[in-house]
Amino acid sequence: AMIQNRDHTGIQRVVRAICYELVRECQEIEAEPVYTSLDDHEFYRAGVLIDKIHGYPVATTDNARIEFYSGDILLYLDLHPGVAISHIEKTRYLRNKGVTVYHVVYDLLPARFPHFFWPELCDEFVEWLKALSHANGAICISRAVALELQQWMMANTTERKRPFRIGWFHLGSDIENSIPTCGIPPDGVDTIGKISSGTSFLVVGTIEPRKGQDQILDSFELLWSDGVNVSLVIVGKKGWGMENLANRLLSHAEYGNRLHWLDRISDEYLEKIYASCVCLIAASEGEGFGLPLIEAARHKIPVIARDIPVFREVAGEHAYYFKGSEPHVLADTIQRWIELCRQGSVPQSCGMPRLTWAQSAEQLMAAILDKPSAVSLN
């Protein structure tokens, strides 16, 4: 399983959790986390991560070069488009050697919504999708993404001599089994106290144009101006093109009172934040999966979600949906949700189907090994 980045993002949580399960629990194969780089087409043993997974003291220097043999499987588990693009010839070499190469695809958002991303990223992402066609296949993190990838491949790649397999799996939600990051800042206890003392709505995810945080903040300003006493908690680092929203948040009259922005927090801190809020708002206009919905369900807090196909796939009837990008639409939705909550009739998230990371890894392996239980589009 190829790992690359060390950012505290949703994808990194997936990478850590799946690596943990494959290395420690998978009985069908011998899993070895490896890494590579743009300029070096060799692969190396990820010794530090392996020690961490096994609970050993992290003092290893065992990053030996990996030799591939016929029958091996190389899974690009992390998302690093530049690496896959630079490794096209290496992929061809490995396939000719009898190695099976798969990529995990988290979403097609830069190809589907280029207006939400900077042009260079979109150009690289499209080149990455073309590079995937040189592999044996891709495993997507939802059926919605698998369908999007199938449609994109049919429209943008040439006829292949060998089939390109597309499968999908769902993500897990038990943070404690994802090699969680730990630590609560000195002011964390005070912040949690403020959040838990009010009616706090939670937003989780990198602050970026497609996530809808602008609409959410606008809607809460409408609620506050109407005298509705609710709080907004935003968890996520600042992404590209979001300087204006970041400045709005930091200079807001409610910042630190009924508005909280927590940047790059640990999994341990996030768990306490989930437990302190009354509802999760998922307003993204496009997602690969929607892991916060599942995490909210695990904490038994309800969900308000934008009505997009992948959220319907993940949450089904266990979320309260809204449509429209205007601030008043979401403000009205929150008002109705509060009234329904008083009546005890909001959709409850606890019935949302969810997997452990062990089950998620099982689904992934079934797709990779092409088992009869695998979910596939081919």
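Predicted model: local features only at pLDDT ≥ 70, side-chain atom pairs only at ≥ 80, totals over all residues.
Mentor: Residues are numbered from 1 along each chain as its sequence is written, and side-chain values use heavy atoms, leaving out hydrogens and water.

Trainee: Why is His-170 called buried?

Mentor: Buried means under 20% relative accessible area, exposed over 50%, and partly exposed in between (1.4 Å probe, protein chains only). His-170 has a relative accessible area of 17%, so it counts as buried.

Trainee: What makes the pair of His-170 and Glu-313 a polar contact?

Mentor: A polar contact is a pair of N or O atoms within 3.5 Å; within protein, one must be able to donate a hydrogen and the other to accept it, and residues adjacent in sequence count only if both atoms are side-chain atoms. The side chains of His-170 and Glu-313 make such a contact at 2.7 Å.

Trainee: Why is Tyr-35 called partly exposed?

Mentor: Tyr-35 has 28% relative accessibility, so it counts as partly exposed.

Trainee: What makes Phe-43 and Tyr-76 an edge-to-face pair?

Mentor: Rings of Phe, Tyr and Trp (its six-membered ring) pair if their centres lie within 6.5 Å; planes under 30 degrees apart count as stacked, over 60 as edge-to-face and the rest as tilted. For Phe-43 and Tyr-76, the centres are 6.2 Å apart and the planes 75° apart, hence edge-to-face.

Trainee: How do you know that Phe-43 and Tyr-76 are buried?

Mentor: Phe-43 has 0% relative accessibility, and Tyr-76 has a relative accessible area of 3%.
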